[in-house]
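Colleague: Please take a close look at the surroundings of the ligand and at the elements that contribute to them.

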Amino acid sequence: MASGCKIGPSIHNSDLASLGMLDSEADYLHLDVINGYFVPNITFGPPVAESLQKQLGQDPSFDVHMMVSRPEEWVKPMAAAGASQHLEAFIWRNQQLQIDTALVMTVKHGLVGQKLMKDMTRKVHWLRTQFPSLDTEVDGGVGPDTIHKCAEAGANTIVSGSAIMKSEDPRSMINLLRTVCSDAQNKRKWDRDQAGTCEAIPGIKVFQCLRSLVCRKTAFSLIDLP
Ligand SMILES: O=C(CO)[C@H](O)[C@H](O)COP(=O)(O)O
């Protein structure tokens with residue numbers, strides 16, 4: 001199971017002239033690197049990442065979302081600038097690559113402040129079911145009103161732009177998002193444990209299992225009771 005919930009403010013949404021506010025409770029910073037290739041926008045590149053790292057140090061780490069042409073050419077410059085990588089188009093073209101985080105875009109690429117596309121949470125759920133250990137990240141339209149949908153589906157790595165950057169208290173917002181995400185993660189674990197118990201000891205743990213809506217053997221287990 002992917003461990004812990006991580007919250008990463010998207011600096012795409014921040015006031016780039018006063019990045020000091022990013023020295024907050026963030027687990028990582030999400031940098032949208034866009035050069036107009038497959039989204040109609042231009043943001044920033046290695047020099048900005050380098051300046052950010054000089055100002056902020058190693059913690060939080062940088063998650064670089066490269067929505068660029070020829071992303072493979074930018075791996076080394078970005079790594080040298082201090083970024084951990086996230087190469088959307090590169091992974092797309094190289095299906096064989098091992099990955100440790102899957103990103104599900106929950107808005108259309110490129111612009112901030114869009115509405116979460118709820119359908120995308122089905123992808124998150126599929127990923128969580130198929131790859132329980134994989135960090136699954138959502139990006140776009142995630143804030144206090146929508147994070148539960150993503151977290152309940154299984155997302156444990158959360159990019160949030162407008163909700164954090166426009167908040168009067170970004171630190172508290174990050175903590176709130178982390179708490180909602182962790183609660184959903186704990187509930188999934190509890191449900192899974194209960195389902196496992198039902199399978200292993202039918203009848204004996206049935207009353208516990210009844211409380212878990214994921215247990216599909218309850219009826220049979222009840223019949224099995226002495
Ligand atoms: O990837 C992005 C756009 O391509 C941004 O990271 C994303 O839009 C976050 O902003 P918000 O939370 O306001 O939707």
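Modeller: The ligand is surrounded by 22 residues, a residue being near a molecule if its C-beta atom, placed from the backbone, lies within 6 Å of it. The closest are Ser10, Val112, Gly140, Gly161 and Ser162. This is a predicted model, in which local features need pLDDT of at least 70 and side-chain atom pairs count only at pLDDT 80 or more, while totals for chains, interfaces and linings use all residues. Residues are numbered from 1 along each chain as its sequence is written.

The shell comprises six nonpolar, 14 polar and two charged residues; Ala, Val, Leu, Ile, Met, Phe, Trp, Tyr, Cys and Pro count as nonpolar, Asp, Glu, Lys and Arg as charged, and the others, Gly among them, as polar. At least two shell residues come from each of strand E2, strand E7 (157-160) and helix H6 (162-165). Helices (H or I, at least four residues) and strands (E, at least two) are DSSP runs, numbered from the N terminus.

Strand E2 (residues 28-34) has six of its seven residues buried, that is, with 20 or more other C-beta atoms within 10 Å of their own; exposed means 12 or fewer, and partly exposed in between, with C-beta atoms placed from the backbone. E2 pairs in the parallel sense with strand E3 (residues 61-67) over seven bridges, where pairing requires at least two DSSP bridges. Within this pair, Tyr28 stands opposite Ser61 of E3.

The loop between E2 and H1 contains Gly45, which counts as partly exposed because it has 19 C-beta neighbours inside 10 Å. Gly45 lies 8.9 Å from Trp74, C-alpha to C-alpha, although 29 residues separate them in sequence.
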